[in-house]
Amino acid sequence: MNPWIAGGIALAVGMVLPLQALINARLGQTTSGSLFAAFMSFLVGTLALGAALLAARTRLPPMSALVQLPAWIWLGGLLGAAYILSATVLVTRLGAASLICLIVLGQLAGSLLLDHFGVLSTPRPADWMRILGALLVAAGALLVVRPWGAAAG
């Protein structure tokens, strides 16, 4: 895939993440709460992905192959659920921009560590340029979140 197209898709996905959190928060406010809203988000997403699997005629792996996978491989779903629930709860407390800035900062910090130590991939050292980039993102996040002005806001 062309890197410009891939980057554009990533940018578009990033632009709708705050909307997802806001929609889920509104669902939680108008129904049974954040946990229910996060569950419904995953349920609708699961149904959509199931339909996509059927439409693409994706061949599913046999159950015998799935049970042989290491237990940690299923953490992706748990981490996704934790993200959706956290975003649903926190977006009304922090605001969409602050929430996403803090999430991106956390993703960047975690990614630098995972890359540096080669966790589940080829190591990519956290050199001074990458660390400087992360510090600039941290500074930008602070300017958006402005924790020093939270009491006045």
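Me: What pattern does the protein chain follow along the sequence?
Reply: The pattern reads α-α-α-α-α-α. The protein chain has six helices and zero strands. Both are DSSP runs, numbered from the N terminus: helices are H or I with at least four residues, strands are E with at least two.

Me: Where does the model come from, and what are the ground rules?
Reply: This is a predicted model, where local features need pLDDT of at least 70, side-chain atom pairs count only at pLDDT 80 or more, and totals for chains, interfaces and linings use all residues. Residues are numbered from 1 along each chain as its sequence is written, and side-chain values use heavy atoms, with hydrogens and water left out.

Me: What is the mean pLDDT of the protein chain?
Reply: The mean is 93, and 97% of the residues reach 70 or more. pLDDT is the predictor's confidence in each residue, from 0 to 100.

Me: Which elements have the lowest and highest mean pLDDT?
Reply: α1 has the lowest, at 93. Helix α2, residues 34-56, has the highest, at 96.

Me: Next, overall dimensions. What box do the C-alpha atoms fill?
Reply: Roughly 55 × 45 × 30 Å, along the principal axes. The protein chain exposes about 11200 Å², and carbon and sulfur atoms supply 74% of that. Accessible areas come from the Shrake-Rupley method with a 1.4 Å probe; for residues, only the protein chains shown count as cover.

Me: How much of the protein chain counts as buried?
Reply: 14% of its 153 residues. Buried means under 20% relative accessible area, exposed means over 50%, and partly exposed lies in between (1.4 Å probe, protein chains only).

Me: And contacts? What share join residues at least 24 apart?
Reply: 61%, among contacts between residues at least 6 apart in sequence. A contact means heavy atoms within 4.5 Å.

Me: On to the inside. Which residues make up the largest nonpolar core?
Reply: Seven of them: A21, A25, A87, V91, L99, I100 and I103. Two or more residues each come from α1 (3-30), α4 (75-94) and α5 (96-117). The largest share, three residues, is from α5. A nonpolar core here is a set of buried Ala, Val, Leu, Ile, Met, Phe, Trp, Tyr and Cys residues joined through side-chain atoms within 4.5 Å.

Me: What does A21 touch?
Reply: A87, T88, V91 and L99, not counting residues up to four places away in sequence.

Me: T88 comes up there. Is T88 buried or exposed?
Reply: T88 is buried, at 2% relative accessible area. T88 lies in helix α4. Beyond four places in sequence, T88 touches A21, N24, A25, S34 and A37.

Me: Then N24. Where is N24, and is N24 buried or exposed?
Reply: N24 is in helix α1. N24 counts as buried because its relative accessible area is 6%. Leaving aside neighbours within four places in sequence, N24 contacts A37, S41, I84 and T88.

Me: Switching to charges. How many salt bridges does the structure hold?
Reply: One. D115 and R130 meet through their side chains, at 3.0 Å from N to O. The pair links distant parts of the chain: D115 is in helix α5, R130 in helix α6 (residues 128-145), 15 residues apart. A salt bridge puts a side-chain nitrogen of Lys or Arg within 4 Å of a carboxyl oxygen of Asp or Glu.

Me: Now the outside. Which residues form the nonpolar patch on the surface?
Reply: L69, W72, I73, W74, L75, L78, L79, L113, L114, F117, V119 and L120, with about 1300 Å² of accessible area together. α4 and α5 each supply at least two of the patch residues. Patches take residues with over 30% relative accessible area and no salt bridge; like charges are joined within 9 Å, nonpolar side chains (Val, Leu, Ile, Met, Phe, Trp, Tyr) within 5 Å.

Me: Is F117 buried or exposed?
Reply: F117 counts as exposed, at 59% relative accessibility. F117 lies in helix α5.

Me: Last topic, backbone angles. What is phi for L120?
Reply: Positive, about 60°, although L120 is not a glycine. L120 sits in the loop between α5 and α6. L120 is exposed, at 71% relative accessible area.

Me: What about R146?
Reply: Phi of R146 is near 45°, again positive in a residue other than glycine. R146 is in the segment after α6.
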